[in-house]
Amino acid sequence: MKLDINAIFEQKLADINSRLSSIAPKLTTSETSSDTSFEDYLSDAALLGLDSSSLGLDKSLLGDYSDLTGNSVMNNYLKSLMEKSGDDTNINLLKARKALANSTAYIPNDKSELMELINTAINNASSKYGVDKNLIRAVMKQESSFDPTSISSSGAQGLMQLMPSTAASLGVSDPFDIAQNINGGTMYLKNQLSSFKGDVSLALAAYNAGPNSVTKYGGIPPYAETQDYVQKVTEYYNQYNQLSAAQKQDSL
């Protein structure tokens, strides 16, 4: 059974907003942002003491959780959708959304502070695993464009776009935590560099398409996405190296 996750969420938001308009007018779209998240709706409802029945959530998916409100309702709703979906992509997307809803990571709104945290984590991971910090930065640029809350359509999470299963195997408990995500992504990148004897292009291909695909084809797989990925990350890597060299020269 393949579920259209986005359609489900949009429909549920519409249903919830309709019900809230009669229960609590202050929570309707007239006074809320058009990009209000699903979890924000549930949290607002929880403050008013509304339960899952009031919100109109499908009990066939929720199960017997009539006393749950707020984030706990969403968690169980997502869990139920995962159990009913037979599509790996949808399951990973739901897992990623659930992880983001439950994340306690500190992500500053100030861009300068955010980049300072990211750069510190990059430097730490680079020293820990012996991976060039400019390569880490180049991968991150291509993967998420430095957005710690990024979730791809396939369910990849955070700055280094870790899939749920990959994050778990790397010991990343919160994939939206800046330091954890970068540490995990760098560890995985180091593993690929080691597996392919330091060949950066093959390591990047493995990061994108998986090491089995690289081994199968004996090089960069003939996937347009992967070939484009390797090219773009390599370009970013070269640009960052040139910038670093220029900065070093200026400091002399």
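Modeller: The account below begins with the pocket and its lining and then turns to helix packing.

The model is predicted, so that local features require pLDDT of at least 70 and side-chain atom pairs count only at pLDDT 80 or more, whereas totals for chains, interfaces and linings use all residues. Residues are numbered from 1 along each chain as its sequence is written, and side-chain values use heavy atoms, with hydrogens and water left out.

The largest pocket has a volume of about 420 Å³. Here a pocket is an open set of points on a 1 Å grid over the protein atoms alone, where a 1.4 Å probe fits and protein lies on both sides within 12 Å along at least five of seven lines; the points are joined across faces, edges and corners, and the volume is the space filled by probe spheres set on them. Its lining (residues with an atom within 4 Å of a point) comprises 18 residues, and Glu143, Gln161, Tyr207, Asn208 and Glu225 lie nearest the centre. By class the lining has 9 nonpolar, 7 polar and 2 charged residues, where Ala, Val, Leu, Ile, Met, Phe, Trp, Tyr, Cys and Pro count as nonpolar, Asp, Glu, Lys and Arg as charged, and the others, Gly among them, as polar.

Helices H8 (133-144), H11 (200-209) and H13 (224-250) each supply at least two lining residues; helices are DSSP runs (H or I, at least four residues) numbered from the N terminus. H11 gives the most, with 4 residues.

H11 packs against H13 at about 130°, with the axes 9 Å apart; axes are lines fitted to C-alpha atoms over the stretch in contact, and angles run from 0 to 180 degrees between N-to-C directions. That angle makes H11 oblique to H13, since angles under 35 degrees count as roughly parallel, over 145 as roughly antiparallel, 65 to 115 as roughly perpendicular and the rest as oblique. The crossing is right-handed, that is, the near helix is turned clockwise from the far one by less than a right angle. In this contact (heavy atoms within 4.5 Å), residues of H11 including Tyr207 and Asn208 meet residues of H13 including Glu225 and Tyr229. The contact holds 7 nonpolar, 4 polar and 1 charged residues.

H8 has a partner in H7 (residues 111-129): the two axes come within 9 Å and cross at roughly 130°. H7 is therefore oblique to H8, and H7 passes H8 in a right-handed crossing. Among the residues in contact are Ile118, Ile122 and Ser126 of H7 and Ile136, Arg137 and Met140 of H8. This contact divides into 5 nonpolar, 3 polar and 2 charged residues.
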